[in-house]
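Hi everyone, and thanks for making time for this. Please have a look at the sequence and the structure first, and then I'll walk you through some of the details.

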Amino acid sequence: MIAAQARHVGWVLRSNPITAVAAVAATLLCFIALIGPSIVSYDPIASDVASALQPPSAAHWAGTDQLGRDVLARIVYAARLDLAIAASAVFLSFIVGALIGSVCGYAGGRIDRFVGRLVDVLMAFPLFVLAMAMVVALGNRVENIVIATAIINLPFYIRFARAEVNVRRDAGWVEAARAGGEGHLAIVLRFLLPNVLPAMAVQISLNLGWAILNAAGLSFIGLGVKAPTPEWGIMVAEGARFISTGKWWLVAFPGLALMLTVLCFNLLGDGLRDILDPRMRT
Amino acid sequence: MTAPDAPLLAVEDLHVTFTTRRGLVEAVRGVNLSVAPGRTLGIVGESGSGKTVTAYAITRLLDSSGRITKGRIQFQGMDLVQAPTRTMRALHGAAISMIFQNPRAALNPVRTVGLQIADALRAHRTMTAAQARKRAIELLDEVRIREPEKRIDAYPHELSGGMCQRVVIAMAIACEPALLIADEPTTGLDVTTQKTVMDLVARITAERNMSVLLITHDLGLAAKYCQDIVVMEQGHVVERAPPLRLFSDPQHAYTRRLVAASPTATSRVEDLVPDASLAVPLPPLRPKTKPAPGTAPLLEVQNLVKRYGETAAVDGVSLTIAAGESVGLVGESGSGKSTISRMICRLIDPTGGDILFDGEAIGSIAAREFHRSPLRREIQIVFQDPHESLNPRFSAFDSIAHPLRRLGGLAGDALKARVEDCAKKVGLPLDLLDRFPHQLSGGQKARVGIARAISVGPRLLVLDEPTAALDVSIQAVTLQLLERLRREENLAFLFVSHDLNVVRMMCERTIVLQNGRIVEEGQSRALFDAPATDYTRELVAAIPMREVA
């Protein structure tokens, strides 16, 4: 079974080299986020004014910022924080959204209509502005950024799960499960959800990139993580002040990290669906 | 000019190869066939025989992974294999046209049928919109659509399946092609609709001296409407003969199997599989013991009603099934047979009436709660499409084990033993139990579905078109299997089907439904031999029968 699974993953990666590149990049990224901070030799917070604003060099590969902190070290530390925020936000909205969506898709009727309108209302707001408002109202803390990002992601998961469950609810195997003595709730949780997860995995990967952008965006306008903490959005915001004087590395490197991360998750999406879908296996 | 008796279409040594994930697959391996002007050639075979691929190769409409690797297709003096795409486009519709299995899918849902017929006309002829409309009305009239002036502005969803297929036929004949390729044109249509559609095709093509290539899995249909039949198996043509000879004296072993497996008015379940190594041994029928007077029948349905809004899908149906009895439920689509079977299975709630199982009223238990009832295990169901009835994420073992876990409370070794026992009963090799549905063939999936239904030892099995999605040879074995299980386990069957030949063979009693009401019921043989109502008579007459020599 495991060997077959490995063969299948190998086949997907071989037949789709872009997925393979994205998978390698994503693995590398997670690796950096996990153990990067213990490898880099500079403190990301302690300032060293003597060596402020140095361009990239052998000692500081990505240069130093206005307080003399090593930019590369800050990028590496920030990777952990940004990925953690994005991953927990997406995880949260995925779990909650999949549950609400599949119950609506299965039950239909009044619950479905009510939740559907609620989602419509939520989506009528510009989502980033909504996230800003939530962070302002709840307080400028990491967990609130996670919650705000999760809530603005929620409508996509609810709609997606609803649509996927809705087309399957009259399938023979669902009726067979009922004839086999399964109640409605158990059917949603144990039969329908596992079947819609592969399709939703694509959504997770796409949303991870989006959630990272969202978190960085909040920090960029001063509503996210607070200043001395290394975070890509803050780094870009702070660096932007120096760009007119030619200190490009303050913006370019964190911006590049952000861009590559988002790109990598977007590219991973389709490959993930192929890997997770049992019907794609031989 | 070709000689008058030269074939219109001659396929010589055709090979088609598909590039798939597991390498090259040869779907058609050296097919030879020819169609003379004005003749109808049937291509029969089971799924995977290459019959549809052959047709698509002739029209050069293979999908991008398929390639004609060898052979010639002579049509009107040219070789279509070598023809450039532009030539083929000019031929499509004008010289060769096709009608497909699902007429709704072949029509554009956002354009009126009149415009679509006009499109077909104006693709090959220069004519004004008004001329095209006038001709479209004539064409609708020719395919026997009543009030064509009104229907021409209808959208496909406003027409029934049979009407849609007639519109597709109108489009196909619009430019007077010489060859019509009909790929399973009536699969999914009711038997009476099938008859009108096929009669129409036969009349129109005879009037215009068109040649027809009829691709079908239904031997009866091919026998009735074709002058010649080729039988295909695994990409080869194994036999070619006129229908009468093909059925009375099949030469090839595969043809013999196919002919035996196709039920006719006189078939018996025992005879469906001539090959002794494949046949399922049937135990002798049990002598019927009259139930003691006063005991309730196994199932008693009284005045069952199901309404959806204003319309009644089921309108006052009463029936009984005795223990061990098999009762057929037949009728056309929309007659309410599926709704009745789901109400009896307690998967949906009736609007009115009662369902008594073993004398106990179960109609009033909400379908939502019925899974907790001790009677849940007594009534089980086998679904129409074996693929669609298996959870894609469950292995065969899990699918069979599920009701045992939930209703039988089995686990561990006892569960494993019982699942294996069920698999043996339905003839499913034990090493397939680890496989997922997409790794099983249609027949194997059907066995898993049956094993799941009998695993908890029900006394009533509802069979909802259990073989409609299966090839005839697999249907034959599946029907034998069901019959054996019924005899061994003394199961009662409610057998829902649109295939009257199957019902006549499998059921002691038959109930005929129309628009949610029972129009006739009685002993199967008597009912089919001498129908009492016009509706039943029409149904019986519409079955494409082949001559039994």
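**A walk through the model**

Let's begin with an open space: in the second largest pocket, helix α16(B) gives the largest share of the lining, seven residues. Before I go on, a word on where this comes from: this is a predicted model, in which local features need pLDDT of at least 70 and side-chain atom pairs count only at pLDDT 80 or more, while totals for chains, interfaces and linings use all residues. Residues are numbered from 1 along each chain as its sequence is written, chains are lettered from A and ligands numbered from 1 in the order in which they are written, and side-chain values use heavy atoms, with hydrogens and water left out.

Helices (H or I, at least four residues) and strands (E, at least two) are DSSP runs, numbered from the N terminus. On a 1 Å grid over the protein atoms alone, a pocket is an open set of points with protein on both sides within 12 Å along at least five of seven lines, a cavity is a set where a 1.4 Å probe fits but cannot get out, and lining residues have an atom within 4 Å of a point. Grid points are joined across faces, edges and corners, and a volume is the space filled by probe spheres set on the points.

Back to that pocket. It holds about 820 Å³ of space. Its lining has 39 residues, and the closest to the centre are E46(B), G443(B), D471(B), S473(B) and I474(B). At least two lining residues each come from α11 (253-261), α14 (412-425), α15 and α16 of chain B. The lining divides into 16 nonpolar, 13 polar and ten charged residues, where Ala, Val, Leu, Ile, Met, Phe, Trp, Tyr, Cys and Pro count as nonpolar, Asp, Glu, Lys and Arg as charged, and the others, Gly among them, as polar.

How many cavities of 30 Å³ or more does a search of the whole structure find? There are six. The largest cavity has a volume of about 80 Å³, and of its 14 lining residues, V382(B), F383(B), P386(B), A446(B) and G449(B) are the closest to the centre. Here α15(B) gives the largest share of the lining, five residues. In this cavity, β16 (379-382), α15 (442-454) and α16 (472-489) of chain B each supply at least two lining residues. By class, that makes eight nonpolar, four polar and two charged residues.

Strand β16 takes us to a sheet. Six strands of chain B form an open, mixed sheet in the order β16-β17-β18-β13-β19-β20; strands count as paired if DSSP finds at least two bridges between them. At the edges are β16 and β20 (517-523) of chain B, each pairing on one side only. From one strand to the next, the twist averages 20°. Within the sheet, β13(B) (residues 326-330) and β19(B) (residues 509-514) run parallel over four bridges, and L329(B) stands opposite I511(B).

A second sheet in chain B is open and antiparallel, with four strands in the order β12-β11-β14-β15. Five bridges join β11(B) (residues 299-308) to β14(B) (residues 352-357), and V301(B) faces I355(B) there.

Next, a strand on the inside.

Finally, chain A. Its secondary structure comes to ten helices and zero strands, and 49% of its 282 residues count as buried. One residue to look at is S219(A), in helix α8(A) (residues 184-220). S219(A) is buried, with a relative accessible area of 4%. Leaving aside residues up to four places away in sequence, S219(A) touches G224(A), V225(A), E231(A), G233(A) and I234(A), a contact being heavy atoms within 4.5 Å.

Notes. Buried means under 20% relative accessible area, exposed over 50%, partly exposed in between (1.4 Å probe, protein chains only). Axes are lines fitted to C-alpha atoms, for helices over the stretch in contact, and angles run from 0 to 180 degrees between N-to-C directions.
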